[in-house]
Every structure is written in C-alpha cells, then in structure tokens.
Amino acid sequence: MSQTDPSTMSRRQQMVETYKLTKQSDPKIGLILGAIFVVVAAVAGVIFWLLPGEGIFSWIFTIVGALLAGLLAAMVVFSRRAQKVMYARLEGQVGGGYAALTMLRRGWTVTQAVGVEPRSQTLVHRVVGPPGVVLVGEGNSPSKVRSLLASTKRNHARVLGEVPITTIVAGNGEDEIPLPRLTKHVTKIGRKVAGPEITDIINRLKAVDATRGAVPIPKGPVPTSMKGMRGNLRGR
C-alpha cells in the first residue's frame, strides 16, 4: 500500500493514486476504460438521438447524455477493478483487516489493534455500530487468533455488560471471512442497539482503551486507512 494516507488527499489526488495503484496490477486498465467509455457513449448517443426532439437542444441533449453515460460506465468498471486490486494487495499484510474495515460507511467506528500478540503478528480490531461491538481478528495462526479474540471479548464484556459482542476471524480458511467480503459481512449482522446506545458504548470503551496503554503493533508493511479512497472504490 502507498505510504501516503488517502484521508489527507484531495479528491483528485485520491483518484490519481487509486488509478496508479490499480495500473500496477492491471496494466490494461486505461485501454479497458477507454474502450468502455467509447462503446457506451456511442450506444447511448444513438438512443438519445432517436428520442423525440429536434434542433440545437436535441444535439446538446444527445452529446451530454452520451458523455455522461460513457463516463458513468467507465467509473463503475474502474471502481470494481480497483477494489479487486486493493483487496489483493491487502492479502497477507499485517493490518490488512483493519484497512478493509475502514471501507465501512458513516455510522461505524473502527479502532485498530485493540488486541495484539506481537510475536505471532496476531491482531484484533474493533468495530462499533448497529450490531453493538464487533471484534475482528486476523493473523497467521487460527488458534492464536481465536484465543486473542476470546481474551479481548472478555476484557470488553467486563465494561460493556449485556452489550452484544460478535467475534469474526478475517482470512481465507474455514469459518473465516475473506477481506473482500468483510465489510458486507459486518453490516449484515443486523441492528442490535439503537443510536444513543452506540454513543454510550463508545464512551464506556474509553475505559478499556485507557487500560491498554500503548499498543505494540507488529512490525511489517501495515496498510494505512483506505477511508479516504472508499468513495472512489465505490464509484462515487
């Protein structure tokens, strides 16, 4: 991943950086997008031209409509291919699960490495949202990931009481959730707490975070947040 934090970039810089990263793994992306733009714009132009109307207004409507249709189609394809490349780059990286979780929409609070086992490079990240608290573990040893998830859940339960706490293991093994499906899986857990309760949970978790102190995140190519790029990857 780029060492530049996308959240500090302008929208134009985010688009350029996303395109550069995508082109590294998908060299033909420019030709593909260009071809899609031309084909869709041409088809849309014919359709708009056949609609009732005449004169300069009809010409303007046809040209503008064709250009917008071509641009929209190219952006949709770009967002899908870029997202696929980004997730592929996260696979196997320390903190890849956290970077994927930052793609969640507004209304979700993601905290990196609330549980850490440095030697095995095992991490547990926390998501607070409509389902309550979701703890997401990742690492090379499934047994250590589940052990760290269990201990982290106990620590949180002491402060949160009856607040629902869900645990998830990110990965490609059995009963694990692959990174490309991680955010969708989290959002499909369902609403278990109301809006005001979420604020209360976040405030209560400050006590848990205060007792952790400085977190010794394992050394390695830890990806930065993808939050700044998520609009681009969704085609918005």
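Glycine 129 stands opposite glycine 132 in E3. Strand E2 covers residues 122-129 and strand E3 residues 132-138; the two run antiparallel and are joined by seven bridges. Strands here are DSSP runs of E with at least two residues, helices are runs of H or I with at least four, and both are numbered from the N terminus. Two strands count as paired if DSSP finds at least two bridges between them.

Before I go on, the model is predicted: local features need pLDDT of at least 70, side-chain atom pairs count only at pLDDT 80 or more, and totals for chains, interfaces and linings use all residues. Residues are numbered from 1 along each chain as its sequence is written, and side-chain values use heavy atoms, with hydrogens and water left out.

Now the rest of the sheet. It is open, has four strands in the order E1-E2-E3-E4, and its pairing is mixed. Strand E1 (109-117) and strand E4 (165-169) are at the edges with a single partner strand each, so one side of each has no neighbour in the sheet. From one strand to the next, the twist averages 25°.

Two helices lie across these strands. Helix H5, residues 142-160, lies across E1, E2, E3 and E4 and runs at about 165° to E4. Helix H6, residues 179-187, lies across E2, E3 and E4, also running at about 165° to E4. Contact means heavy atoms within 4.5 Å. Axes are lines fitted to C-alpha atoms, for helices over the stretch in contact, and angles run from 0 to 180 degrees between N-to-C directions.

Alanine 113, with phi near 50°, lies in strand E1 and is buried, at a relative accessible area of 1%. Glutamine 121, with phi of about 55°, sits in the loop between E1 and E2 and is partly exposed, at 29%. Buried is under 20% relative accessible area, exposed is over 50%, and partly exposed is in between, using a 1.4 Å probe and protein chains only.

H2, residues 29-50, has 22 residues and reaches 32 Å from its first C-alpha to its last, close to the 32 Å expected at 1.5 Å a residue. The expected span is 1.5 Å times one less than the number of residues. Which residues of H2 are buried? They are Ile29, Leu33, Ala41, Ala44 and Gly45. Seen down the axis of H2, these buried residues fall within an arc of 115°, so they line one face of the helix; the arc is that of the directions from the helix axis to the C-beta atoms. On the other side, Leu31, Val38, Val39 and Leu50 are exposed.

In an unreviewed entry, UniProt lists residues 29-50 and 56-78 as "transmembrane region". Its positions are given in the numbering used here, feature names are shortened, and annotations may be inferred rather than shown by experiment. Over residues 56-78 the chain is 100% helix and 0% strand, with end C-alpha atoms 33 Å apart.

H3 has 35 residues, which should span 51 Å at 1.5 Å a residue, and its end C-alpha atoms are 51 Å apart. Just after H3, glycine 92 takes a positive phi of about 80°. Valine 94 is in the loop between helix H3 (56-90) and helix H4 (96-101), and is buried at 10%. Its C-alpha is 8.3 Å from that of glutamate 138, 44 residues away along the chain.

Overall, the protein has eight helices and four strands, and 42% of its 236 residues count as buried.
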